[in-house]
Amino acid sequence: MHKLWASTYKEMLLLIRDLGGIAILFIMPMLLLIVITLVQDSTFKTINDVKIPVLLVDNDNGEVSKNIIDNLSESNSFEILQKNTEDEAKEAVFAGKYQLAIIIPENLSASLQKKVNQNVEGILSKFGLEEDNSLVEKEAIPAKEVRLYFDPATQLSFKSSVKNGIDKMISKIETQSIYKAFQTELGEEEAVPIFDTENFISFKEVRQTKGNQEIIPNSAQHNVPAWALFAIFFIVVPLSINLVKEKNQGTFVRLRTQPVNYATVLGGKTIVYLVVCLIQFTLMLLVGIFLFPAIGLPQLDVSGKLPMLYAVALFSGLAAIGLGLLLGTIAKTQEQSAPFGAIMVVILAALGGVWVPVFVMPKLMQSISKISPMNWGLEAFYDVFLRNVNFVKILPEISLLLLFFIITILIAIIYNQKKNAV
Amino acid sequence: MIQINQLSKKYKGAEFFSVKDLSLKIETGEIYGLLGPNGAGKTTLISMLTSLLKPTSGSFTINGLNFKENKNQLKQLIGIVPQEYALYPTLTAFENLEYFGSMYGLKGEILKNSILEHLEIMGLSKFATKKTATFSGGMKRRVNLIAGILHQPKVLFLDEPTVGVDVQSKNVIIDHLKFLNQQGTTIVYTSHHLIEAEVFCTRVAIIDQGEIIIKGIPSELIKTQAGANNLEDVFLAQTGKALRDYA
């Protein structure tokens, strides 16, 4: 125990003597959290403050194009900028000046009306409701297409959400035209609608409640755990460098000749770096609770969750430290440990669902993500922050994190023993 | 007593043995010098004797103990002063010694007093609270030496303990090693300073290409080597004048 305490004290001294290193360990994760949350905040807001400028070429100038323009304007997501020609719009979008151009074809309103009338008349004649129900040869009306141009750099998710929105809007306009045509054919006045053109089937998101209050997830509750976990795992880099340095400066050689086991040496590092992880986590929580509201971001709600949050942070920290110690044990130079550690953390973050949610990943990647310790940590954090679970529910995840720590440490000790066997 | 029996070491991928079938007996209380040109196998031999390297074949015992069966007991018994400054540059001299002393199980006042006493002997008392990064080569060598002797080892291995230091530092180091030897510590050391070895060692072995070519009391070796006036003459006569560069 005395040797473990001496190792811990030595590690603490080494750490506090490197003020620049401490600043990086604590300030950079907070900066990362603030920047990412500011960037991602809009995607969590129901009403978007930012309007995306969209070019629109109206070759129709009819009722349908007016409807499209009105709908787009009402969506509050887009700022409509009209252009005169398709080529002009296409050039601007492909040059990256705009994200999207919508080209409404010529005679869209007239052709849609004609097509709808033709179909309605056909149906009514089947029911004998048309005055002249003799078979009239149908005029061929070519299908019309609304053309979309996207900036090649536009993300696929944005593209598909715009395409879905426009598709839905066009379907609604078509349906309304059909109802209107029926009403006209039936001789009813347009002013008194007999058909309700609004959707009969709608959907409502039912959110989890706590007491009588709905739990509404915000960007802070998504970002703080995700990036706090990312920062915790980045401890792999300085920790592995710390071990490699010991080997290079000869102190590890001396330790190998002394009556102290490798587990004690690793134990001292584990204790100090675990404290670092917990301080990092605390600072990030403080940023979420106090700084976020001051800079216009949603406040992080931790009420009643702190013990569980710290339990997840503690075990995530252990898993990260295990990985760092293993890497530091195996690596021979800082050139090996630093880039490998940093890239490994980014890979684990990607697999764990920090960048992209696991459920949208391909099946294979979803399976692989289940073996990423960051995924266990992130799921445990989401369980606490967003799913409002009790301690028992996070036990499987924190047990896996602990197991990961034990396995990595055991591998490091065995590797060191084999490497230095006499 | 150190008893070495046909000890060999061949590094992975190496063409030759660094230490080959080396047998040697070092009595308790001796100051034994392992001398030889660069790459002769001196550091390899010391590394094996201090558990840093696994021998390819052969065996050895220190005071009747071996590393396979009595690892921790043996580690407590020996002290090592490596050739590199094995110190934490951002820790002070005192903090470095406190840590390495703790790893030998020393603690409290005993540890503190031992550190202060050794710093005093080595002329480093007023630098105890200075970071070793700011120390000169000679000062680092002296702290390096203290780190290996704080626990009063029975057998002390030193790999080039006076290399790159000024005459004053060298004298302090040698004087203290003599004192430790008088207190009963067996000393095994490697050096390129043959004049130093001649007056310091009770016995020496000249090693070349992993093998002992000659061993004995320095004065006797000088006497028996025709035309030799000192140990350096014996050394050159035994190992030749060709450069020994290895990569």
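I began with residues 308-328 of chain A, which are 100% helix and 0% strand, with end C-alpha atoms 30 Å apart. Helices here are DSSP runs of H or I of at least four residues, strands are E runs of at least two, and both are numbered from the N terminus. The model is predicted, so I kept in mind that local features need pLDDT of at least 70 and side-chain atom pairs pLDDT 80 or more, while totals for chains, interfaces and linings use all residues. Residues count from 1 along each chain as its sequence is written, and chains are lettered from A and ligands numbered from 1 in the order written.

**Annotated spans.** I checked the UniProt record, an unreviewed entry, and its "transmembrane region" annotation covers residues 12-39, 224-244, 271-296, 308-328, 340-360 and 394-415 of chain A. Positions are in the numbering used here, feature names are shortened, and such annotations may be inferred rather than shown by experiment. For residues 224-244 of chain A I found 90% helix, 0% strand and 31 Å between the end C-alpha atoms.

**Cores.** I took a nonpolar core as buried Ala, Val, Leu, Ile, Met, Phe, Trp, Tyr and Cys residues joined through C-beta atoms within 7 Å. Buried means 20 or more other C-beta atoms within 10 Å of the residue's own, exposed 12 or fewer, and partly exposed in between, with C-beta atoms placed from the backbone. The largest core has 142 residues, and A:Leu229, A:Ile235 and A:Val312 are among those with the most contacts inside it. Helix α11 (residues 306-330) of chain A gives this core its largest share, 13 residues. A second, separate core holds 21 residues, including A:Val64 and A:Tyr98.

**A:Phe94.** I placed A:Phe94 in helix α4 (residues 86-94) of chain A. A:Phe94 is partly exposed because 14 C-beta neighbours lie inside 10 Å. Beyond four places in sequence, A:Phe94 is in contact (C-beta atoms, placed from the backbone, within 7 Å) with A:Tyr149 and A:Pro152.

**Helix α4 of chain B.** The 14 residues of this helix (108-121) should span 20 Å at 1.5 Å a residue, and the end C-alpha atoms are 20 Å apart, which agrees; the expected span is 1.5 Å times one less than the number of residues. Which residues of α4(B) are buried? I listed B:Leu111, B:Ile115, B:His118 and B:Leu119. The face turned away from the buried side carries the exposed B:Glu109, B:Ile110, B:Asn113 and B:Glu120.

Technical notes: Two residues are in contact if their C-beta atoms, placed from the backbone, lie within 7 Å.
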